Amino acid sequence: MTETTEWDHYDSRILGELQRDARITMAELGRRVHLSQPAVTERVRKLELGGVIKGYRAEVDLGRLGYGIRAIARVGRVEYARVVKLIEQTPEVINAYNVTGEDSWVLEIAVIDVAHLDAVVTKFCILTETSTSIVLNAPRENAVVLPARREDIKPVIKKVTGK
């Protein structure tokens, strides 16, 4: 499927259910979206082949794995390849985003404690300016994402006209 693919409500419901529980059986998925198991299996296969569904993974609890702190590090302007290389060499970086704005990078880091955080952030400080925030809690993560639809966009502020 491409970016211009038309989505119907079955595709949206299938994507929503799989994002909530990727281990669901095709039979149960079919029951939930009101399609036969063969029909839902074919739709899932098309979503996979089209690159909409990129993969399936287990969501882990970082705290139970021994990572007591999650932090967001903002990394200033620096040569792209140098940052990418350092990210690849730093397993504590669990997500990395090259962004616009004052910073060039936003990194999500998982570490054992403050000393561990200091050691990781120092690697990036050697390259350029950094700013780090410790995550206190995450009221929303891994939200279900459905196909974008322009008609769902509602302006927050109504435009004032001269009429």
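**Helix packing, cores and accessibility**

Mentor: Helix H1 (residues 9-20) and helix H2 (residues 26-33) pack with their axes 10 Å apart and at an angle of about 130°. The model is predicted, with local features needing pLDDT of at least 70 and side-chain atom pairs counting only at pLDDT 80 or more, while totals for chains, interfaces and linings use all residues. Residues are numbered from 1 along each chain as its sequence is written, and side-chain values use heavy atoms, with hydrogens and water left out.

Trainee: What makes H1 oblique to H2?

Mentor: The axes are lines fitted to C-alpha atoms, for helices over the stretch in contact, and the angle between N-to-C directions can run from 0 to 180 degrees. Angles under 35 degrees count as roughly parallel, over 145 as roughly antiparallel, 65 to 115 as roughly perpendicular, and the rest as oblique. The angle between H1 and H2 is about 130°, and H1 is therefore oblique to H2.

Trainee: What is the relation of H1 to helix H3 (residues 37-49), given the angle at which they pack?

Mentor: H1 and H3 pack at an angle of about 80°, with their axes 11 Å apart, and that angle makes H1 roughly perpendicular to H3. On the H1 side the contact is made by Tyr10, Asp11, Ile14, Leu15 and Leu18, and on the H3 side by Val40, Arg43, Val44 and Leu47. Seven residues of this contact are nonpolar, two are charged and none is polar.

Trainee: Why is H2 called roughly perpendicular to H3?

Mentor: The helices H2 and H3 pack at an angle of about 100°, with their axes 8 Å apart, and H2 is therefore roughly perpendicular to H3. Met26, Ala27, Leu29, Gly30 and Val33 in H2 meet Gln37, Val40, Thr41 and Val44 in H3. Here the division is six nonpolar, three polar and no charged.

Trainee: Which residues touch the most other members of the largest nonpolar core?

Mentor: A nonpolar core is a set of buried Ala, Val, Leu, Ile, Met, Phe, Trp, Tyr and Cys residues joined through side-chain atoms within 4.5 Å. The largest such core has 18 residues, of which Ile87, Leu107, Ile109, Leu117 and Phe124 touch the most other members. At least two residues of this core come from each of strand E1 (69-75), helix H4 (80-88), strand E3 (105-111) and helix H5 (114-125). Leaving out residues up to four places away in sequence, Leu117 touches Ile69, Ala71, Ile109, Val111, Thr132 and Ile134. A second, separate core of 10 residues includes Leu18, Ile24, Leu29 and Val40.

Trainee: How do you know whether Val93 is buried or exposed?

Mentor: Buried means under 20% relative accessible area, exposed over 50%, and partly exposed in between, with a 1.4 Å probe and protein chains only. Val93 has 11% relative accessibility, so Val93 counts as buried. Val93 has its place in strand E2 (residues 93-98), and apart from its neighbours within four places in sequence, Val93 is in contact with Ile87, Leu107, Glu108, Ile109 and Phe124.

Trainee: Does His116 count as buried or exposed?

Mentor: His116, which lies in helix H5, has 18% relative accessibility and therefore counts as buried. Not counting residues up to four places away in sequence, His116 touches Glu92 and Val111.

Trainee: Why does His34 count as exposed, and where is it found?

Mentor: The relative accessibility of His34 is 59%, and His34 therefore counts as exposed. His34 is found in the loop between H2 and H3, and has a positive phi of about 65° although it is not a glycine. Asn142, in the segment after strand E4 (130-134), also has a positive phi, near 50°, and Asn142 is exposed because its relative accessible area is 59%.

Trainee: What makes Gly51 partly exposed?

Mentor: Gly51 has a relative accessibility of 40%, so Gly51 counts as partly exposed.

Notes
Helices (H or I, at least four residues) and strands (E, at least two) are DSSP runs, numbered from the N terminus. Contact means heavy atoms within 4.5 Å. Ala, Val, Leu, Ile, Met, Phe, Trp, Tyr, Cys and Pro count as nonpolar, Asp, Glu, Lys and Arg as charged, and the others, Gly among them, as polar.
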